[in-house]
Amino acid sequence: MISRQPYAPTPHSYVPNTTLSATINLDEEVKLADTRAERDLQDSLAEIFSIIVTLDELEKAFLKDAIPEADYTEICERSLKQYKSLVADETVAKAFVGLEEFKAKWDLEVPRATERIRVGMPSTAVNASSGPAPATVAASGGTSGTLILEATQDFITFLDALRLGLLAKDQLHPLLTDVIQSVNKVTDRDFDNRGKIVQWLITLNQMKATEELSEEQARELELDINSAYQGFKSTLT
């Protein structure tokens with residue numbers, strides 16, 4: 001004879017809600033936002049998520065020599081520009097809060113992208129070559145003179161901006177970016193105080209757009225960039 005065991009209900013037995021079931025249309029598209037503004041915000045946050053993940057994968061590929069340096073630089077610069085443009089929007093910035101908060105919310109483990117965003121430049125712009133020095137543009141003639149002139153003008157323009165009292169991040173960062181980019185077109189050799197340019201770019205990159213340097217910082221920045229300018233000129237001799 002088979003003994004019947006009494007039915008033991010689970011702690012959270014499911015009881016269908018016929019009223020709720022009747023109101024759900026499985027063929028109906030689920031709306032994630034009710035207004036155009038909400039949709040735009042969600043699209044922007046989704047794009048930021050995609051950029052962060054892309055940057056992390058890009059850094060991994062570059063470290064493995066799986067992508068040409070020129071392609072890496074182009075994609076990285078474009079991605080960073082898009083990221084900065086998105087988080088500069090007041091509404092997006094409020095929802096985004098900050099990179100660390102955004103990563104925690106979406107459980108993102110992206111150390112390489114985090115560092116690249118902190119620096120604000122591709123690795124190729126930050127790191128000077130440690131190998132044998134290439135022939136400098138000074139020795140090649142032709143367009144080399146133009147590149148040297150552009151780099152010199154960018155140094156002078158930046159130093160003049162400081163002397164005119166321009167201290168805000170959105171005023172100085174683009175000018176200093178021009179300096180490092182024009183210098184890299186002339187030579188990939190390291191030179192005295194080149195690292196100062198990079199460090200100040202990182203400092204400015206971490207400031208808010210309208211945040212200003214103190215007078216003491218401005219004096220230190222002028223001294224460092226002037227020293228870097230002298231170091232740059234020494235590579236041309």
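Reader: How many aromatic pairs are there, and by which rule?
Author: The count comes to six aromatic pairs, where rings of Phe, Tyr and Trp (its six-membered ring) pair if their centres lie within 6.5 Å, with planes under 30 degrees apart counted as stacked, over 60 as edge-to-face and the rest as tilted.

Reader: Why is the pair of Phe96 and Phe102 called tilted?
Author: The planes of Phe96 and Phe102 stand at 40°, with the ring centres 5.0 Å apart, so the pair is tilted. This is a predicted model, in which local features need pLDDT of at least 70 and side-chain atom pairs count only at pLDDT 80 or more, while totals for chains, interfaces and linings use all residues. Residues are numbered from 1 along each chain as its sequence is written, and side-chain values use heavy atoms, leaving out hydrogens and water.

Reader: Are Phe96 and Phe102 buried or exposed?
Author: Phe96 and Phe102 are buried, which is to say under 20% relative accessible area, whereas exposed is over 50% and partly exposed lies in between (1.4 Å probe, protein chains only).

Reader: OK, and which residues form the aromatic cluster?
Author: One aromatic cluster is formed by Phe155, Phe191, Tyr229 and Phe232.

Reader: What sits over the ring of Tyr229?
Author: The charged end of Lys233 does, 4.6 Å from the ring centre; the rule asks for NZ of Lys or CZ of Arg within 6 Å of the ring centre and within 35 degrees of the ring normal.

Reader: Changing topic, how many helices and strands does the protein chain have?
Author: The protein chain has 12 helices and zero strands, taken as DSSP runs numbered from the N terminus (helices H or I, at least four residues; strands E, at least two).
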